[in-house]
Amino acid sequence: MVVKLKNHIRELRKSAKLSQEELAKLCNVSRQTINAIENDKYDPTLQLAFSIAAVLDTTVDELFINEDMDM
């Protein structure tokens, strides 16, 4: 079974007044990686997901939503 996840990284990053480049540096990845994650073209590793959540002062659960689940 493939799980489709949607993320709120772009919204949370903008609320934190961070550019993709700034978030990338804080997470030790490239800006292109952040861009790909925000555009649902790349699923981050669990370690990177926790890193992004920490920088954005949230939880991994808040970053990603399972599109297959009824909310």
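**Close-up 1. Asp40, in the loop between α3 and α4****.** Helices here are DSSP runs of H or I with at least four residues, strands are runs of E with at least two, and both are numbered from the N terminus. The model is a predicted one, in which local features need pLDDT of at least 70, side-chain atom pairs count only at pLDDT 80 or more, and totals for chains, interfaces and linings use all residues. Residues are numbered from 1 along each chain as its sequence is written, and side-chain values use heavy atoms, with hydrogens and water left out. Asp40 follows α3, and its phi is near 55°, a positive value in a residue other than glycine. With 48% relative accessibility, Asp40 counts as partly exposed (buried means under 20% relative accessible area, exposed over 50%, and partly exposed in between, with a 1.4 Å probe and protein chains only).

**Close-up 2. Lys17, in the loop between α1 and α2****.** Here is another residue to look at for its backbone: Lys17 is not a glycine, yet its phi is positive, at about 60°. Is Lys17 buried or exposed? Its relative accessible area is 72%, so Lys17 is exposed.

**Close-up 3. The buried residues of helix α2****.** Gln20, Leu23, Ala24 and Cys27 are the buried residues of this helix. They line one face of α2, because they fall within an arc of 100° when seen down the helix axis (the arc is that of the directions from the axis to the C-beta atoms). As a reminder, an α-helix has 3.6 residues a turn, so residues three or four places apart point the same way. The cover over the buried residues of α2 includes α1, α3 and α4. Asn28 follows the helix, with a positive phi near 60°.

**Close-up 4. Arg31, in helix α3****.** Arg31 has a relative accessible area of 32% and is partly exposed. Which residues does Arg31 touch, leaving aside its neighbours within four places in sequence? They are Gln20, Glu21 and Ala24, where contact means heavy atoms within 4.5 Å. The C-alpha atom of Arg31 is separated by 27 Å from that of Val2, which lies 29 residues apart from Arg31 along the chain. Elsewhere in α3, the buried residues are Ile34, Ala36, Ile37 and Glu38, and what covers them includes β1, α1, α2 and α4.

**Close-up 5. The salt bridges of Glu38****.** Side chains of opposite charge can pair when their charged atoms come close. A salt bridge is a side-chain nitrogen of Lys or Arg within 4 Å of a carboxyl oxygen of Asp or Glu, and two are counted by this rule. In one of them, Glu38 meets Arg10 at 3.5 Å, N to O. This pair links distant parts of the chain, with Glu38 in helix α3 and Arg10 in helix α1, 28 residues apart. Glu38 also forms a salt bridge with Arg13, and there the closest N and O atoms are 2.5 Å apart. That link again runs from helix α3 to helix α1, with Glu38 and Arg13 25 residues apart. Shared partners join Arg10, Arg13 and Glu38 into one network. Glu38 counts as buried, at 5% relative accessibility, and Arg13 is buried as well, while Arg10 is partly exposed at 28%.

**Close-up 6. The two sides of helix α4 (residues 46-55)****.** Leu48, Ala49, Ile52 and Ala53 are its buried residues. They sit on the same side of α4, because they cover an arc of only 140° around the axis. Leu46, Gln47 and Ala54 are exposed on the other side. The buried residues pack against α1 (9-15), α2 (20-27), α3 (31-38), α5 (60-63) and β2 (64-66). Just after the helix, Asp57 takes a positive phi of about 55°.

**Close-up 7. The largest pocket and its lining****.** A pocket is an open set of points on a 1 Å grid over the protein atoms alone where a 1.4 Å probe fits, with protein on both sides within 12 Å along at least five of seven lines; lining residues have an atom within 4 Å of a point. The largest pocket has a volume of about 180 Å³, counted as the space filled by probe spheres set on the points, which are joined across faces, edges and corners. Its lining includes Leu5, Asn7, Asp40, Leu46, Ala49 and Phe64. Both β1 (5-7) and α4 supply at least two lining residues each. How many lining residues fall in each class? Eight are nonpolar, two polar and two charged, taking Ala, Val, Leu, Ile, Met, Phe, Trp, Tyr, Cys and Pro as nonpolar, Asp, Glu, Lys and Arg as charged, and the others, Gly among them, as polar.
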